[in-house]
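Q: Could you take me on a close look at one part of this model, the place where two of its chains meet? I'd like one connected walk through that part, please.

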Amino acid sequence: MTMELPHSFSIAYPKETPRLSARHGDPRTEPKAVRIAIIGLAVAFLGVFVVLPLVVVFAQAFSKGISAYVAALGNPEALSAIRLTILIAAISVSLNLVFGLVAAWAVAKFEFRGKTFLVTLIDLPFSVSPVISGLVFVLLFGAQGYFGPWLASHNIRLLFAVPGMTLATMFVTFPFVARALIPLMQEQGTQEEEAAISLGASGLQTFFRVTLPNVKWGVLYGVLLCNARAMGEFGAVSVVSGHIRGETNTMPLLVEILYNEYQFVASFAIASLLAMLALVTLIAKTVLERHLDEGKPSHDH
Amino acid sequence: MSTIATRRSTLPGFGLTMGLTLTWLSVIVLIPLAGLFIRSLELSPDQFWAIVTSRRTLNALRTSFGLAFAAACVNLVMGTITVWALVRYRFPGRRLFDAIVDIPFALPTAVAGIALSALFAEKGFLGAPLAELGIKVAFTPVGIFVAMIFIGIPFVVRTVQPVLIDLDPEIEEAAASLGANRWHIVRRVILPSLTPALLTGLALAFARAVGEYGSVIFIAGNLPNVSEIAPLLIVIRLSEFRYADATAIAVVMLIVSFLIIFAVNRLQRWAQIRAPAL
Amino acid sequence: MTIEVRNLFKKFGAFAALDGVDLRVADGELLALLGPSGSGKTTLLRIIAGLDWPDSGELLFDDEDALLRNASERHVGFVFQHYALFRHMSVFENVAFGLRVQPRAIRKDETAIRARVKELLDLVQLDWLSNRYPSQLSGGQRQRIALARALAIEPRILLLDEPFGALDAKVRKELRQWLRSLHQEINVTSIFVTHDQEEALEVANRIVVMDKGRIEQIGTPAEVYDSPASAFVHSFIGESIELPVQVGDGGVQLGGERLDIAHDGVRPGASKLFVRRHDMQVGPAGAGALQGEITHVRSLGSAQRAEVVLSHGKTVIEIDAPRDRELRPGEIIGLNPRRYRIFAAPE
């Protein structure tokens, strides 16, 4: 391209640059003072709002020593809450896992109209406040709810019992596995599945032998996040549970009850378990993300 | 002559998986949500309006929405500063700080709630020095504000981060070669290209804060008309068996959430047009 | 196995991918579907495989309605353009896949499967890669494994979708010859899709030239090259000189001037004259149907290629001439087409 640069620019620029930098700063990054200020602000912000609360959980939990901590965890109420949390999480995660696989297959491997709409619907629980997530089930199954009388007459207790809490948990954790799998399966395309079909495989054989092994990291990722949310869910389960001690308290609910009764060590002890779960989840998530990035299919060109 | 009436797809299982998906989706998500809206329709418009505009409800909504917006704005500014430091600079512990950004998202809300409450209580680690300065955080709207900042942190940072990472350094160099100083470049070149992501992060942080319950109720005073958030009012109405009231408030909150999601989708589409993935 | 396609139509939205296709494939032949992108060749191949379905028409395998079966029941071997190897399985498991998913009733036992896989890997000369994974293979190796995998199920037809399209030129040439000799060895009815006419001419027994969802011509490579049936085939296969001419009472006219060639029975009106570059005989000025001035000459292997401005209408053409008589820029020459075709211009 033969374009004539303005005469002054082409001559002046090389000579003036060093003086320019010194006076106005290197335009490729901020001046040192600004950089330090920004880093300082960021570190302070995260330190106050993220690090400190986390530290407080453990500091309070161990504030009366290790034996008090262990005793709090060994309390029958605590153990019962832990068991219930694990049970509800196990059920919710398994069912949402199956749903996630089925939904991802339908969305990723076929073309149909309304696909974006369907995915938006699947994402709905994310935009609903936890309390409302519990409210909807009370409206359905509560004494004044639509199915309330029918349930009462059949002596089925959904609300203020484990089934209701599980339902609310499933609502809240509904999209996690599907959201992890859909983009992954879409990216992987349908070629390998078509190859399997042309070689004589049935639909199920194709799914288990070809599709599933290719998405295993996505499945783990989705299950991990789903589980973390299921175990930590508070608002929705609180609304639906009735807070019946020893029966319908999950770990988060027990944390609330103990805190309101000023049993701080016990409350923070259980909270510390949940905090450790969160940290483990984050670490595993980072590891899995690396696997997911590696496993991204490269088109064989 | 063979019959090719139906349009068949290559891979099998569409009918079955689609059917299962729709059924499961309806049972777990759509029917419960529909139940809420149908319930709200049982109220006459006047009743609905009366509930929503009652003094206590209005204050609760004002508290929730107002403080959520304020907190989201703080997150917008501090989140931008944070993501800038994490992406553009190198400093010891950077990776660690990058990792902990996700903690407010991963930590169960009740745990966050009691931790913040203990931290900012009058005798708490931060609450004590602040009390000396005359600032009371716990059991006041300020406490709600603080909790909402906490939970909104990941939204701005994680939404802006990939966009900032993908910014082409050559554009900044081009601007520099044309005579712009650093502030010009940041203000006129970089920030505009981040705007869609920034607004998306703001909207997401706002949406999350509005509906937040567990992280907030421990540090909030929960005094009606003063420091009561809308989700708590819903819970209280439920315990009073005033289902209609609870439903009305919930519907208002849901409509706002859906509007925000809609706006976010529009924003993301706008972002695609302005800066399509090359 | 013979294949018969009758009156096949397929639309994607408003786009007609197949617009009335009739075709008969003989048992054991190696057929090429040749055409530009959008011609419908891949759609036709996928419909034969069962990976896609026509809107109307018939498909018969050995006189049986093939549309009653889906892809997994048609016993067709399909080789994809980008191989579609199962990335989490070893080469061995990839090739064994078709044998492992067979219904229990007809499935072979493990020893028989192993033997067959080894046989196939030997056939494609890649036995030594048996334990590797697709990501560790080169493009050419992956394609051969994909072929072995398709052959494992002893298909009645072998379908290949631009099998060498994703490979570089040298590997492509080698694999072309290898495919031809492989076909002679196993003698399975095979159809392959390509947009590369050189490939089709070199490998196939017969070529089906397609454009815009229709078949333009079916014939052996010689027939298609020497006796193109339409303007499209003439310009798509081999290089041609194309000159717009008018056919009328005054014979054939180019740029207003009458040419001394017969009009081939073409109806009066706008038409195109097609001549192969090497079919233009160079003679002294004044002799021959066309006159022109040479503007540029370069050597092209065993021939010389000259750019010539014709006196008729100032059209510029390129001709290939043997090197016995050296051409020079500025020379005025006469040109006579030894062989040519005239086709009516499309409405």
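A: Happy to. Across the interface of chain B and chain A, six residue pairs are in polar contact, both residues at pLDDT 80 or more; a polar contact here is a pair of N or O atoms within 3.5 Å, where, within protein, one must be able to donate a hydrogen and the other to accept it, and residues adjacent in sequence count only if both atoms are side-chain atoms. On the chain B side that touches chain A, helix α1 (residues 14–41) gives the most, with 17 residues; helices are DSSP runs of H or I with at least four residues, numbered from the N terminus. By class, that side of chain B has 62 nonpolar, 15 polar and six charged residues, where Ala, Val, Leu, Ile, Met, Phe, Trp, Tyr, Cys and Pro count as nonpolar, Asp, Glu, Lys and Arg as charged, and the others, Gly among them, as polar.

A word on the ground rules: this is a predicted model, in which local features need pLDDT of at least 70, side-chain atom pairs count only at pLDDT 80 or more, and totals for chains, interfaces and linings use all residues. Residues are numbered from 1 along each chain as its sequence is written, chains are lettered from A and ligands numbered from 1 in the order in which they are written, and side-chain values use heavy atoms, with hydrogens and water left out.

Now for the charged side of the story. The rule finds one salt bridge across the interface of chain B and chain A, a salt bridge being a side-chain nitrogen of Lys or Arg within 4 Å of a carboxyl oxygen of Asp or Glu. A:K285 forms a salt bridge with B:D102, and their closest N and O atoms are 3.3 Å apart.

As for extent, 83 residues of chain B and 84 residues of chain A take part in the contact, which means heavy atoms within 4.5 Å. About 7,400 Å² is buried between the two chains, and carbon and sulfur atoms give 82% of that area; buried area is the accessible area (1.4 Å probe) that two parts lose on being put together, summed over both. B:L11, B:W24 and B:Y89 supply 9% of what chain B buries against chain A, more than any other three residues.

Finally, a look at confidence on the partner's side. Chain A has a mean pLDDT of 85, with 87% of its residues at 70 or more; pLDDT is the predictor's confidence in each residue, from 0 to 100. Over residues 1–23 of chain A, though, the pLDDT is below 50, and this stretch has seven contacts in the model beyond near neighbours in sequence. Where pLDDT is low, the predicted coordinates should not be read in detail.

Key:
Helix = DSSP H or I, 4+ residues; strand = E, 2+ residues; numbered from the N terminus.
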